[in-house]
Amino acid sequence: KLDDSVFTNKHLTINGVEYDNFAYMWSDIKSYLESILPYKASFIHGDFCASNILYSPNGVIKCIDPRGEFGERGCYGDIRYDVAKLMHSFDGGYDFIINDHFTLHELTPTELEVSIGNYMLTAANVKFQETFFPTFDRKEIIILQGCIYIGMAARHYDSIERQRVMYLTGVQLLNSGMALWTSLYW
């Protein structure tokens, strides 16, 4: 039986760093998300990630597999969602995770080591951040990205290890984003 301490313990240690666990942060995260509403509805893809962008050698770019909704039904939503989804490919290692290019070692039920892919995408991540963060608020996108990872974990039921890596990535991102938020207000 899988030990559920990784989800229920107040703190997790990931790669030697202690983090607050999601359940213990949720009320603050929810308050923060409510504070950044309302949003201006924009046309969005709804599942904007590197694996849904095709590029041909002649320079044609096509986006595939749109979900097309976030919040209300239809193809309009908060553009920050698309930015956070795209960021999870460059910053969170999403494409490595879904292709099982990660290692997960459980030292104890609440002390884990995670390594995701080989970060050849570092240059792409830097370019992404240079492009998007003059326009978008970094902490908003990091917190949204963390929420996306927490939510995604439940939908990848075909691999418990993948679920755990997604969950742990979400916890790390949410702690990082909430630290940015609280440092501005406390």
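A salt bridge is here a side-chain nitrogen of Lys or Arg within 4 Å of a carboxyl oxygen of Asp or Glu. The legends below describe close-ups of a predicted model.

**View 1. Salt bridge between Glu140 and Arg80.** The closest N and O atoms of this pair are 3.0 Å apart. Glu140 belongs to helix α6 and Arg80 to helix α3, so the bridge ties together parts that lie 60 residues apart in sequence. Both residues are buried.

**View 2. Helix α3, residues 79-90.** The helix has 12 residues and spans 17 Å from its first C-alpha to its last, close to the expected 16 Å. Because 11 of its 12 residues are buried, α3 is largely enclosed by the rest of the structure. Among the buried residues are Tyr81, Val83, Leu86, Met87 and Phe90. The elements covering the buried residues of α3 include strands β4 (53-55) and β6 (76-78) and helices α4 (94-98), α5 (122-132) and α6 (138-155).

**View 3. Salt bridge between Arg164 and Glu106.** The N to O distance is 2.5 Å. Arg164 sits in helix α7 (residues 160-185) and Glu106 in strand β7 (residues 102-108), and the two residues are 58 apart in the chain. Arg164 counts as buried because its relative accessibility is 4%, under the 20% limit. Glu106, at 42%, is partly exposed.

**View 4. Salt bridge between Asp137 and Lys139.** The closest N and O atoms are 2.7 Å apart. Asp137 is partly exposed, with a relative accessible area of 28%, whereas Lys139 is buried at 12%. The structure holds 7 salt bridges.

Notes. Residues are numbered from 1 along each chain as its sequence is written. This is a predicted model: local features need pLDDT of at least 70, side-chain atom pairs count only at pLDDT 80 or more; totals for chains, interfaces and linings use all residues. Side-chain values use heavy atoms; hydrogens and water are left out. Helices (H or I, at least four residues) and strands (E, at least two) are DSSP runs, numbered from the N terminus. The expected span of a helix is 1.5 Å times one less than its number of residues. Buried means under 20% relative accessible area, exposed over 50%, partly exposed in between (1.4 Å probe, protein chains only). Contact means heavy atoms within 4.5 Å.
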